[in-house]
Amino acid sequence: MKQLKVIFVTNIISPYLVPLFNYIAQHGSFKFRVISIAENEANRQWRIRTENIRFSYSILPGFHWFIWSKELPIHINQGVWRYFLKEGPDIVITSGWSCLAYWEAFLYCKLFKKKNILWNGTTLLSVRKPTGLLARLKRFMIKGADLSITYGTKAAEFLEYMGASRDQVHVGVNTVDMEWFSRRVGDIRHSDDIQERRLKYPKFLILYVGQLVARKGILQVLRALEEISDPSIGFMIVGSGPQEKELRHFCSDRGIKKNVFFEDFQQMTVLPEYYALADVLILPSFKEVWGLVVNEALASGLYVLCSNRAGAAYDLIQPGWNGVLFDPNDIYEITSAIRHAREKVEDIRMRCGDISGHAVKKFSIAKAGEVFLSAIHSLKNQ
């Protein structure tokens with residue numbers, strides 16, 4: 001009997017996707033291969049450790065550039081159609097609709113009567129008003145997919161809004177290797193020098209991890225800290241991007257630079273050092289499809305101050321227990337969230353182990369991977 005062949009088409013094989021793809025490859029009873037549209041993207045500085053990859057993959061040749069200040073990647077690949085004709089996959093999973101290769105994969109499935117799974121993270125919170133030609137094209141792909149898998153509940157709501165049938169949508173979770181973050185951060189917290197390193201920062205330390213771009217809302221946090229004016233609060237910014245100069249100038253002009261620490265971009269393997277030092281994570285984005293830093297922070301046992309525009313907020317955060325939600329446009333809500341966390345910091349620290357344990361159990365790679373295996377299995381039997 002011919003073995004089922006499944007191909008997963010994605011933009012890049014980020015370090016966060018490697019554990020998920022490893023899980024699917026190791027636990028699926030089918031031949032699995034990942035097709036990457038590009039090796040990396042210009043707004044990413046990730047280094048992919050190929051020794052951790054346990055699945056077959058190919059990187060397609062092509063041309064790549066950005067528009068809108070490196071916010072929107074454009075990929076034009078060569079040989080996509082030829083590749084599908086040669087490999088003859090039975091099921092193709094595509095991670096969106098923003099690249100030409102995704103559409104070629106979708107049309108291949110329609111023409112040759114193969115099964116197509118759409119992996120979606122877009123929410124009504126993260127997308128412009130879904131109208132016009134682009135919206136109609138999205139609806140065509142969404143309604144044409146045999147099944148869809150979503151990052152979480154908000155992404156499922158978007159698909160249903162766009163015309164997907166509810167029974168064709170498998171609600172998953174977008175995640176990272178939660179066990180690795182929990183274990184690594186725990187080891188650092190028990191290291192001999194952690195207390196000495198922590199003394200270099202203010203008593204209450206807020207962490208931001210991500211790109212330094214306007215849509216991430218970092219300037220709102222700095223404005224809130226200026227309003228609070230509490231020397232016991234520190235803000236550590238881990239990341240790089242075009243807004244860095246503006247943020248540094250703001251700190252200097254407003255006299256708050258002493259307690260704001262710019263730590264530059266760090267590879268994923270180094271991030272646990274920062275999670276171990278911080279008390280809370282803040283994600284202040286105006287627009288955020290998901291926000292994997294929330295997963296990382298919860299696995300590390302941190303309390304999370306999270307924008308209500310992030311998809312992760314509605315699946316990962318239990319307000320008052322492991323975090324709080326706020327409107328990133330409202331400085332008063334941001335200052336209130338920070339002040340509350342500052343006042344309750346000892347209680348938050350005591351809850352660290354419970355927060356981490358809950359996150360590792362509920363949002364693991366296995367949980368995410370099993371949704372894919374279930375979806376593939378259901379199509380296999382059709």
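Tutor: Helix α1 (residues 18–27) lies across β1 (5–10), β2 (31–36) and β7, and runs at about 155 degrees to β2. The model is a predicted one, in which local features need pLDDT of at least 70 and side-chain atom pairs count only at pLDDT 80 or more, while totals for chains, interfaces and linings use all residues. Residues are numbered from 1 along each chain as its sequence is written, and side-chain values use heavy atoms, with hydrogens and water left out. Helices (H or I, at least four residues) and strands (E, at least two) are DSSP runs numbered from the N terminus. Axes are lines fitted to C-alpha atoms, for helices over the stretch in contact, with angles from 0 to 180 degrees between N-to-C directions.

The sheet is open and has seven strands in the order β3-β2-β1-β6-β7-β8-β9, with parallel pairing; two strands pair if DSSP finds at least two bridges between them. At the edges stand β3 (56–59) and β9 (169–171), each with a single partner strand, so one side of each has no neighbour in the sheet. Direction ignored, neighbouring strands of this sheet are turned by 20 degrees against each other on average.

Within the sheet, β6 (residues 91–94) pairs with β7 (residues 115–120) in the parallel sense over four bridges. Ile91 stands opposite Lys115 in β7. Helix α3 (residues 100–111) also packs on the sheet, touching β1, β6 and β7, where contact means heavy atoms within 4.5 Å. The direction of α3 makes about 155 degrees with that of β6.
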